[in-house]
Amino acid sequence: MTAPAYPLTLDLTGRRVVVVGGGPVAARRARGLVEAGGAVEVIAPFVCEDLRDLLERVEITWHEREFVTGDLVLPEPAWLVHTATGDRSVDTQVSREAEAARVWCVRADDASTSSAWTPAVARGTHGTASEGLTVAVTAGADPRRAVAVRDAVLAALDSGSLPVRRVRPATGGGDVLPGGDAVQAGRVALVGGGPGAEDLITVRGRALLAAADVVVTDRLGPRGLLAALGQDVEVVDVGKTPGNHPVTQGRINELLVHHASLGKRVVRLKGGDPFVLGRGGEEALHCIEHGIPVEVVPGVTSAVSVPAAAGIPVTHRGITASFVVASAHDGADQVLRAASDAAPDATLVLLMGVTRLASTARALLDAGRRPDTPVALIERGWLPDQRTTVTTLEHAAADAERAGVKAPAVVVVGDVVSVRQQVGDLAGGVPSRG
Ligand code: SAH
């Protein structure tokens with residue numbers, strides 16, 4: 001029985017490493033070795049385009065000739081050699097000389113006669129749960145299997161389904177840990193969570209959530225994802241309910257900066273998109289003013305996705321080519337302004353529109369909108385109890401009251417509502433009624 005291989009990671013910084021060969025495999029190897037800080041020398045009479053590009057961009061010594069005896073020991077012994085010449089006799093010569101000189105040798109043509117092998121390698125993504133991880137997989141004589149496993153591990157890390165986020169000492173500084181890893185200063189990510197379904201957040205949003213030390217959440221958005229967070233993740237709920245504002249925006253801004261300045265990774269998880277009537281812009285500004293690194297991860301906004309869930313496209317060929325999104329929170333004037341600036345046939349999408357529906361509808365009628373303009377009230381889009389009430393501008397307030405329509409709901413005003421008659425609900429995975 002052959003003994004199992006011995007996995008090891010190497011510090012190649014500044015050490016002489018030789019690549020014999022000038023083809024695409026040699027190019028890949030040379031790139032990896034340069035990234036790892038090696039002092040790379042390529043020995044090949046010709047180089048392929050990839051390798052030529054690399055030689056132009058990074059510091060590599062190219063010996064433009066065949067391999068000759070002594071190359072691995074002169075002018076000084078190499079620490080490692082990769083041979084990928086495509087010529088079996090040359091690769092054999094290189095590996096023999098490497099063996100004699102006690103230089104580890106990776107052979108591209110024949111793993112069984114190599115003294116070293118390169119695993120399938122992936123490095124974690126900056127800012128996500130996989131940051132700081134190197135995934136290296138070997139699968140004996142089956143490199144494709146190793147690549148598949150590597151990719152699966154990385155995907156699972158970034159999606160949060162492997163909850164192994166990095167737990168770092170809290171520090172605001174840029175300390176360096178053994179191994180060269182920098183301890184990161186805290187940061188804030190404004191993550192759009194989408195309209196509420198757990199699988200309508202982006203991949204990056206999900207990855208940042210999996211890496212978070214602190215999550216500051218709202219009432220809206222994919223709250224179900226919070227249950228999957230580790231027990232040591234601090235969840236701060238600043239959720240607002242209509243007419244009841246438990247945490248002010250100023251306080252939320254302070255919270256974000258406070259936690260980030262303790263060196264924590266903060267995710268501000270918001271419903272829909274952070275920059276659509278979500279005050280994400282204010283949060284970003286506040287972080288920047290306080291020197292806190294901040295990024296935004298866009299989300300699927302309810303303004304478009306909630307009508308879609310009810311089978312209402314906000315634009316539709318032959319009906320309208322534009323739509324306007326407005327907040328109805330501060331009264332009908334804002335809505336009127338948005339509507340009057342838009343094309344007469346533009347679909348009007350109102351967020352936070354339930355409380356003031358009667359006055360908004362009245363104002364639109366007074367401004368000349370047809371009383372029979374179709375209106376849809378879509379409550380709790382993409383959630384199991386999604387419900388849609390279809391009415392007209394004239395009857396919207398009375399019908400909403402009769403049906404007991406409550407926030408959160410999106411109000412759609414315009415002829416596109418009629419498309420729903422033909423397509424019905426379109427939210428996959430959401431049992432619907434109404
Ligand atoms: N930034 C968010 C909007 C925040 S304002 C976005 O891009 O979606 C809050 C309003 O969004 C609610 O009052 C409601 O009008 C709407 N909303 C958000 N999620 C919703 C959902 N799942 N169903 C219906 N309306 C929703």
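**Cavities and the ligand site**

Good morning. A search of the whole structure, which is a predicted model, finds 2 cavities of 30 Å³ or more.

I begin with the largest cavity, which holds about 80 Å³ of space. Its lining includes Arg187, Arg265 and Glu295, together with residues such as Gly127, Val188 and Leu208. By class, that lining has 7 nonpolar, 1 polar and 3 charged residues. Three elements each supply at least two of the lining residues: β8 (187-192), α5 (203-211) and β11 (265-270).

The second largest cavity has a volume of about 30 Å³. Two elements, α10 (357-366) and β17, each give two or more residues to its lining. The largest share, 4 residues, comes from α10. Among the lining residues are Leu350, Leu393, Val411 and Val413. In this lining, 9 residues are nonpolar, 1 is polar and none is charged.

I turn now to the ligand. Which residues are closest to the ligand? Of the 18 residues that surround the ligand, the closest are Val276, Thr301, Ser302, Gly381 and Ala409. The shell draws at least three residues from each of domain 3 (183-300) and domain 4 (303-423). Within the shell, α8 (302-309) and β17 (409-413) each contribute at least two residues. The classes are 11 nonpolar, 5 polar and 2 charged residues.

A nitrogen atom of the ligand lies 2.8 Å from a polar backbone atom of proline 195, and a ligand nitrogen is 3.1 Å from a polar backbone atom of glycine 271. An oxygen atom of the ligand is 2.9 Å from a backbone N or O atom of methionine 352. The protein covers 94% of the 540 Å² of accessible area that the ligand has on its own.

Key
Residues numbered from 1 in each chain as written. Predicted model: local features only at pLDDT ≥ 70, side-chain atom pairs only at ≥ 80, totals over all residues. Heavy atoms only, no water. Near = heavy atom within 4 Å. Polar contact = N/O pair within 3.5 Å; in protein donor to acceptor, adjacent residues only side chain to side chain. Areas by Shrake-Rupley, 256 points an atom, 1.4 Å probe, with all protein chains shown as cover. Nonpolar A, V, L, I, M, F, W, Y, C, P; charged D, E, K, R; others polar. Domains from an automatic or database assignment. 1 Å grid on protein atoms, 1.4 Å probe; cavity = no way out; pocket = protein on both sides within 12 Å on 5 of 7 lines; lining within 4 Å. Points joined across faces, edges and corners; volume = space filled by probe spheres on them.
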